[in-house]
Amino acid sequence: MKKYDVIALGELLIDFINNGVSEQGNNTFEACPGGAICNVLAMLANLGKNCAFIGKVGNDIFGRRLKAEIESLGINTENLKMDKDTRTTLAFVENDESGDRSFSFYRNPGADIMLNEAEVDEEAIKSSKVFHLGTLSMTHEPVRSATEKALKIAKENGCLISFDPNLREMLWKSEKDAREAFDYGMRYCDILKISDNELAWFTGEENYDKGIAILQEKYNIPLILFSMGRDGSRAYYGDDMFEAKAFIQNDTVDTTGAGDTFMGCCINHVLENGFNNFSEMLRFANAAASIVTTRKGALKAMPTEVEIISLLK
């Protein structure tokens with residue numbers, strides 16, 4: 001028996017999201033708990049899954065708040081390290097009228113990149129059904145080596161590997177380094193989630209099916225989840241392709257975390273149903289992702305199963 005349904009390694013940070021203008025005419029930002037990897041765990045926790053997080057925050061007001069926030073969601077924090085010397089990573093997020101985002105990161109260094117190999121708990125990873133990761137834990141050392149160690153342990157111990165590269169080009173020293181991280185994750189994963197812009201960036205192919213075919217041929221990934229924003233999503237499994245339309249909301253305010261919500265729902269589906277019923281999986285995940293776009297932030301904005309089912313009806 002596995003102790004955890006999903007264990008994930010990566011970033012936990014504060015998203016400062018633009019929240020209008022004060023009475024004095026100053027821009028205001030709302031401090032929202034976030035980080036793509038932990039957002040996925042938050043969605044899974046809302047769906048009743050037992051989750052654990054591996055990462056590092058600063059032992060400061062933001063780090064302590066983040067620890068408390070994910071504990072309140074039921075996410076295990078035994079492997080969340082508190083760094084007394086490095087501050088918690090911050091991201092400032094501005095949204096345009098459609099809810100699309102631009103980012104400014106304060107992470108040079110940030111505590112999340114200071115996780116090292118010695119702080120990776122092998123037994124915790126062995127005790128999980130799924131190991132989830134992205135590429136933000138591969139941008140710098142020592143967290144890159146910590147990620148590689150964790151991924152190797154997960155693969156050797158039969159964990160299902162899920163990978164969402166979550167490209168943030170401004171965090172990489174070079175495009176070459178970013179491409180190598182994409183390649184590294186794809187060589188190990190059983191489930192890949194990739195967006196339309198990431199697919200075009202990595203493969204150089206604007207045609208979606210041709211781009212996916214390149215990945216399938218090179219990496220032989222069993223399940224590829226493909227997100228297309230307002231155009232919905234697809235799942236590629238072997239020679240089959242499944243597609244579902246997006247749920248367009250009239251009151252979208254922030255698209256932060258929509259992809260993470262989608263990913264969490266898809267992992268949940270595979271845990272419960274295996275590699276089956278992909279049309280049902282996509283429709284549920286699309287509905288959940290649309291709900292989170294109507295709320296500020298992501299980690300505390302994840303919908304409940306009741307809300308998702310209500311929208312589907």
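A residue is called buried here when its relative accessible area is under 20%. The model described below is predicted.

**Overall fold**

The chain has 313 residues, and buried residues account for 56% of them. Its secondary structure consists of ten helices and 13 strands. A compact globule with 313 residues would have a radius of gyration near 20 Å; the value for the chain is 18 Å, so the two agree. Among contacts in the chain with a separation of 6 or more, 70% join residues 24 or more positions apart.

Values for the whole chain are set out here.

| Property | Value |
|---|---|
| Box filled by the C-alpha atoms, along the principal axes | roughly 55 × 45 × 40 Å |
| Radius of gyration | 18 Å |
| Accessible surface | about 13500 Å² |
| Distance between the mean positions of positive and negative charges | 4 Å |

Carbon and sulfur atoms contribute 44% of the accessible surface of the chain. The chain carries 34 positive and 48 negative charges, and the mean position of the positive charges lies 4 Å from that of the negative ones.

**Helix α1**

Helix α1 spans residues 36-46. Ten of its eleven residues are buried, and therefore the helix is largely enclosed by the rest of the structure. The buried residues of α1 are Ala36, Ile37, Cys38, Asn39, Val40, Leu41, Ala42, Met43, Leu44 and Ala45. After α1 comes Gly48, which has a positive phi, near 90°.

Methods: Residues numbered from 1 in each chain as written. Predicted model: local features only at pLDDT ≥ 70, side-chain atom pairs only at ≥ 80, totals over all residues. Heavy atoms only, no water. Helix = DSSP H or I, 4+ residues; strand = E, 2+ residues; numbered from the N terminus. Rg over C-alpha atoms; globule rule 2.2 N^0.38 Å. Buried < 20%, exposed > 50% of the residue type's maximum accessible area, 1.4 Å probe, protein only. Contact = heavy atoms within 4.5 Å. Areas by Shrake-Rupley, 256 points an atom, 1.4 Å probe, with all protein chains shown as cover. Lys, Arg positive; Asp, Glu negative; His and termini not counted. Charge placed at Lys NZ, Arg CZ, Asp CG, Glu CD.
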